[in-house]
Amino acid sequence: MRQKPKPRWLTMPPPIISTIRSVRFGTALAGERVLDVCSGSGGSALPAAVRVGADGTVVAADLAGRLIDLARTKAEDLRLTNIAFRVDDMLALGYPYRSFDALATKD
Ligand SMILES: C[S@@+](CC[C@H](N)C(=O)[O-])C[C@H]1O[C@@H](n2cnc3c(N)ncnc32)[C@H](O)[C@@H]1O
């Protein structure tokens with residue numbers, strides 16, 4: 001007998017971001033954990049790291065290693081220590097459920 005396909009929402013992974021807040025729209029707060037996918041050279045990840053401050057964290061992920069290297073250099077120049085960089089596909093980051101509070105988006 002042919003299996004009925006599962007509804008799409010049943011097959012999707014659980015979200016890694018608990019509540020969508022946006023750095024761009026000013027709703028990310030000091031101390032929050034921010035994810036920036038497709039971060040490029042850090043146009044939104046770096047302002048996000050400034051915004052969340054020393055108690056917050058930012059993960060900047062992009063497929064392009066050259067752009068991630070550039071973003072890392074900019075972060076070092078700005079003396080930001082609360083930001084981590086990943087050369088990775090945003091569709092396969094592998095973080096557990098609710099690892100982040102906010103998304104960074106381009107200003
Ligand atoms: C317009 S740029 C992003 C600019 C960046 N948000 C900023 O504020 O400077 C788009 C980026 O998406 C990245 N990208 C495209 N597909 C991706 C994927 N599946 N996972 C991670 N990064 C991806 C590209 O490498 C590129 O750096």
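1. Basis. The model is predicted: local features need pLDDT of at least 70, and side-chain atom pairs count only at pLDDT 80 or more, while totals for chains, interfaces and linings use all residues. Numbering starts from 1 along each chain as its sequence is written.

2. Elements. The chain has three helices and four strands. Read from the N terminus, the order is α-β-α-β-α-β-β.

3. Of the 107 residues, 27% count as buried. Buried means that 20 or more other C-beta atoms lie within 10 Å of the residue's own; exposed means 12 or fewer, partly exposed is in between, and C-beta atoms are placed from the backbone. Two residues are in contact if their C-beta atoms, placed from the backbone, lie within 7 Å. Among contacts in the chain with a separation of 6 or more, 70% come from residues 24 or more positions apart.

4. The sheet. Four strands form an open sheet in the order β3-β2-β1-β4, with parallel pairing. Its edge strands are β3 (83-87) and β4 (102-103), each pairing on one side only. Pairing requires at least two bridges between the strands in DSSP. Strand β1 (residues 33-37) and β4 run parallel and are joined by two bridges. Leucine 35 stands opposite leucine 103 in β4.

5. Helices on the sheet. Helix α2 (residues 45-52) lies across β1, β2 (57-62) and β3, at about 170° to β2. Helix α3 (residues 65-77) also packs on the sheet, where α3 touches β2 and β3 and makes about 165° with the direction of β3. Axes here are lines fitted to C-alpha atoms, for helices over the stretch in contact, and angles run from 0 to 180 degrees between N-to-C directions.

6. The buried side of α2. Ala45, Leu46, Ala48, Ala49 and Val52 are buried. They lie on the same side of α2 because they cover an arc of only 160° around the axis; the arc is that of the directions from the helix axis to the C-beta atoms. An α-helix has 3.6 residues a turn, so residues three or four places apart point the same way. The cover over the buried residues of α2 includes β1, β2, α3 and β3. Just after α2, glycine 53 has a positive phi of about 75°.

7. Aspartate 36. This residue is in strand β1 and counts as buried because it has 30 C-beta neighbours inside 10 Å. Beyond its neighbours within four places in sequence, aspartate 36 is in contact with Ser44, Ala45, Ala48, Val58, Ala60 and Ala104. Its C-alpha atom is separated by 9.2 Å from that of methionine 90, 54 residues apart along the chain.

8. Two arginines to check. Arginine 79, in the loop between α3 and β3, has a positive phi near 60° although it is not glycine. With 6 C-beta neighbours inside 10 Å, arginine 79 counts as exposed. Arginine 98, in the loop between β3 and β4, also has a positive phi near 60°. Arginine 98 has 13 C-beta neighbours inside 10 Å and therefore counts as partly exposed.

9. The ligand shell. Of the 16 residues around the ligand, Cys38, Gly40, Gly43, Ala64 and Met90 come nearest. A residue is near a molecule if its C-beta atom, placed from the backbone, lies within 6 Å of it. The shell divides into eight nonpolar, five polar and three charged residues. Ala, Val, Leu, Ile, Met, Phe, Trp, Tyr, Cys and Pro count as nonpolar, Asp, Glu, Lys and Arg as charged, and the others, Gly among them, as polar.
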